[in-house]
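Colleague: Could you walk me through how to read this model, one feature after another? I would like the general idea each time, and then the case at hand.

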Amino acid sequence: MSGSEWTCRLSSMHEWESPYYEPSLPVSEKSNPLTRDIDRASSGCIVRMLQACDSQMFLEEAGATYQRLMSDGVVETLMEVAKKVELILKDPRDSLVVLSGCGTSGRLAFLVTSAFNRALKELNQSPVYSYIIAGGDKALFSSQEAPEDDPKLGMLSLKEACEGKKRVLFIGISCGLSAPFVAGQLDLCLQNPQVYTPVLVGFNPTHQARDEPIPGCSFTFRSVVQRMEGLAKSQKAFLINPAVGPEAISGSSRMKGGSATKILLEVVLSAAHAAAFTHTPITQQGILQHMRAYEKTLEIPCAHNEGMSALLEAAGKSLQRGRRVCYLGWGSLGVLGLVDASECVPTFGADYEDVRGFISGGYNELKNNEGPLGPDFRISHEDFLHLVLPSLDDHDMVLLIYTQTDDVSDVEKLARRVREKTSNLHAVYHRVDGDTAATVQQDDINKLCLSSLRITWPSPASGLLQMQWELCTKLFLNALSTGAHVLKGKIYQNHMMDLQVTNSKLYCRATRLLQKLSGCPESKCEEALLKAVYKVDNLTVEITSSDISTHTHTARTRTKVVPLALVCLLTGCSLAEAELRLEQQPIVRDAVEACLS
């Protein structure tokens, strides 16, 4: 990289922090200057862009604009929350720590609670962690976004989870400080301070919390936040809301928002466990040391750019051909594969079968609240072998995801079965330097794969190694699935164009996006959006008088809603003509530019 390119990149790293940069949008919804033309980038360039965006999580605090992950105020709050968890760990009777969120936030709540309850079991301690995800366990693997708009459902699920408990630390996660489901839960906590201590995790400053009315409620998300701010001074409520910068794909909080959520939750709970069980005091230095370990983790993918670019290229080709990408994972890395695959449907308008995740041991390994979820949610390697493998060929990509601590002989057996159907087999695996226990079997797996990405960690391994493996794998998978969909043509500049408009947040995002790209007034953009949702060229009074929940319910069965609306806005053509244009040119940016030329 030349000096001028580096200066330009550094400038772009901070450009979003200017008060003049997209001033009407909260940080979590702004577009990232680093990825303005990601839809025209090569696979190698996509990888570097995504890595640069991830590195923004650990930028130093710049003036007083936004607090960051390692700002003093954030670290102090993490310490105080860790002390609250420590008290529960030392005296868990009638107590609970609940982690709750929607979509990615809820999936990470599940991942983290599973890991720390497992750690307690290994210490012969009773589990104290519980997770809630809007839409129930089906939302772990699929888009269940309507419940995100239901604050009363949030309250009810929290009451049920905490029945009979006298002391609850509630950690609500909403990356944009916007989810009504979580707002309802926080409101319940504030109404019952004798039982609940609320903690909010998100990535916007408090004044950017969503202030739209919530149907059937007397509060907005922002009013809940303001009440919490008042109680934070006496440590009766806690706000953890550093800014980590705009997402690489505008609004796609599954990426940095998800990664930062995982980091913050694990830092808090790890500090609490160390204090409760090894008498390690909770200190600012300890919190910062853990944070820096994660910051170092972000450097690992940068050492594998070439291999990552090849994987991204392979996945992109599979999707371009209308074929599949399958993740076959072990342990918690397998869970991350399930999570990443599930997020492709709402983010990119992908088909459920386009990117699928499978985990060794299926639900026995997962141990989710509701157990097996029926025939539509088959997630084991056996399910893959029986239902998916027979239809695969060399155009389908299969990725093995594992570590040296997994059963490598099991990995080899599955690799051989896959290789019988497709040569398009790849592996990403983690090992500690100097560990040669499974070298022979690993060599055999490498021979079966088109490519193997070996991530070697220094020895001796730190106690945080499993969490670092997980974060690193999350970054790889997010880059892989995002980059593949970019190559397929699902992104316009750095915006999600084919997103599903299935809740109020996504409805508002779609309207704003149409405004930005068309330059038309908000009213005209919403009108075009509704025409695409209802498949009509003229809106009826019944449609225009309906509320957003009715619109988003109708939109669940629709595809290409935003691209259709944009083409109509730019050309003035009918829906039928817009559909024809998109059939002729499925890459959204090319279709739009064809309209303008």
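Colleague: How many helices and strands are there in the chain?

Modeller: Helices (H or I, at least four residues) and strands (E, at least two) are DSSP runs, numbered from the N terminus. Here the chain has 24 helices and twelve strands. This is a predicted model, where local features need pLDDT of at least 70 and side-chain atom pairs count only at pLDDT 80 or more, while totals for chains, interfaces and linings use all residues. Residues are numbered from 1 along each chain as its sequence is written, and side-chain values use heavy atoms, with hydrogens and water left out.

Colleague: What percentage of the residues count as buried?

Modeller: Buried means under 20% relative accessible area, exposed over 50%, and partly exposed in between (1.4 Å probe, protein chains only). Of the 597 residues, 59% count as buried.

Colleague: Which helix meets α6, and how do I read the crossing?

Modeller: Axes are lines fitted to C-alpha atoms, for helices over the stretch in contact, and angles run from 0 to 180 degrees between N-to-C directions. Helix α6 (residues 180-191) and helix α7 (residues 221-232) have axes that come within 10 Å and cross at roughly 35°. A crossing is left-handed if the near helix is turned anticlockwise from the far one by less than a right angle, and right-handed if clockwise; that of α6 and α7 is left-handed.

Colleague: Which residues in α6 and α7 meet?

Modeller: Contact means heavy atoms within 4.5 Å. On the α6 side are Val182, Ala183, Leu186, Asp187 and Leu190, meeting Phe221, Val224, Arg227, Met228 and Leu231 in α7.

Colleague: Is Glu22 buried or exposed?

Modeller: Glu22 is buried, at a relative accessible area of 17%. This residue sits in the loop between α1 (3-15) and α2 (43-55), and has a positive phi of about 45° although it is not a glycine.

Colleague: And where does His279 lie?

Modeller: His279 is in the loop between α8 (256-278) and α9 (284-297). Its phi is near 55°, a positive value in a residue other than glycine, and His279 is exposed, with a relative accessible area of 68%.
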